[in-house]
Amino acid sequence: MHSLGINIGASSVKVSMLEENNILWSEVEPHEGNFLHTLEKVLSSHNIPVDIKALATGTEGRHLLNINSIIEPLCIEEALQHLNYEVDAIVSLGGEDLVVYTIDKNNKIITSFSGNKCASGTGEFFKQQLVRMDMRLNDINAIHEQSRVLKLSSRCSVFMKSDCTHRLNKGEANKGDIVLSLSDVMATKVVDFIKRAKITRGKVLLVGGVTQNQYIIRFIRERMPEIKFIIPDQAPYFERLTGQRLWPGIQEVYYLP
């Protein structure tokens, strides 16, 4: 039996197709605000059975689909169970949200700590600054090895953006310096939330698209060496690994008028 998981995130549409519990394919595609067009593009590039079981999760965009939807915490619990991870917490690093979930011995969420409304330190803000520097996400892996971390005005996104622009225009920083500095700010924000969740040791799973930034992960690990941070292969699309128990009915995938 086939099943389809769709996540409408703040910056990307993520889709996975399973046969029983085996992943047949998975895609992550930036939507630039056009959820439906991006989803249609992904689905049209694959052979989707008409009677497939489908489930949507993510932000409000999931309600544009005439299929069953579910909140992300339940999907995360099911994915944990499916992949047999035993961790003390999960950190979801999305384009817009930072959420730390504490986990009990039965892979159930105990508490959650969400990021504030300020955009500074979020994945989408980081992506926007890359665009301003005419860079793409893949370019960050090729920055100069002599790049350095600079102190930025991190109290809000407006000040941080201005600080980045000022330093570049004045020749006080290069693009690599800005990439590292923004990554450092984001890592600090993650560490602060993990501390708020009172996690000081044990195992923590990092999921979400931001995990593809190697510098953020490095800075997090350097700041909290007592914790073993795990990044699963499925990190960019973790929320869609929900298992068969969360697929409540057979439905055709189609869009609301």
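**A close look at one helix**

Modeller: The accessible surface of the chain comes to about 13,100 Å², and 47% of that surface belongs to carbon and sulfur atoms. This is a predicted model. The chain has 257 residues, of which 49% count as buried. Six helices and ten strands make up its list of elements. Take the contacts in the chain with a separation of 6 or more: residues 24 or more positions apart account for 67% of them.

Now the helix itself. Helix α3 covers residues 123–132. Which of its residues are buried? They are G123, F125, F126, K127, Q129 and L130. Just after α3 comes D134, which takes a positive phi of about 60°.

Next, the partner. Two packed helices are described by the angle between their axes and the distance between the axes. Here α3 packs with helix α5, residues 175–196. The angle is about 170°, and the axes are 11 Å apart. Angles over 145 degrees count as roughly antiparallel, and α3 and α5 are therefore roughly antiparallel to each other. From α3, the contact is made by G123, F125, F126, Q129 and L130. From α5, V179, L182, S183 and M186 take part. By class, the contact of α3 with α5 has six nonpolar residues, three polar ones and no charged ones.

An α-helix has 3.6 residues a turn, so residues three or four places apart point the same way. Compare F126, Q129 and L130 of α3, which are in the contact with α5. F126, Q129 and L130 are also buried.

One is in helix α1, residues 35–44, where T38 has its place. T38 counts as buried because its relative accessibility is 4%, and the cut-off for buried is under 20%. A polar atom of the T38 side chain lies 2.8 Å from the backbone oxygen of N34. Leaving aside neighbours within four places in sequence, T38 is in contact with V13, E29, P30 and H31.

The other place is in strand β1, residues 2–8, where N7 is found. At 1% relative accessibility, N7 counts as buried too. The N7 side chain makes a polar contact with the side chain of E72, at 3.1 Å. N7 and T57 are 50 residues apart along the chain, yet their C-alpha atoms are separated by 4.8 Å.

Definitions and conventions:
Residues are numbered from 1 along each chain as its sequence is written. This is a predicted model: local features need pLDDT of at least 70, side-chain atom pairs count only at pLDDT 80 or more; totals for chains, interfaces and linings use all residues. Side-chain values use heavy atoms; hydrogens and water are left out. Buried means under 20% relative accessible area, exposed over 50%, partly exposed in between (1.4 Å probe, protein chains only). Helices (H or I, at least four residues) and strands (E, at least two) are DSSP runs, numbered from the N terminus. Axes are lines fitted to C-alpha atoms, for helices over the stretch in contact, and angles run from 0 to 180 degrees between N-to-C directions. Angles under 35 degrees count as roughly parallel, over 145 as roughly antiparallel, 65 to 115 as roughly perpendicular and the rest as oblique. Contact means heavy atoms within 4.5 Å. Ala, Val, Leu, Ile, Met, Phe, Trp, Tyr, Cys and Pro count as nonpolar, Asp, Glu, Lys and Arg as charged, and the others, Gly among them, as polar. A polar contact is a pair of N or O atoms within 3.5 Å; within protein, one must be able to donate a hydrogen and the other to accept it, and residues adjacent in sequence count only if both atoms are side-chain atoms. Accessible areas come from the Shrake-Rupley method with a 1.4 Å probe; for residues, only the protein chains shown count as cover.
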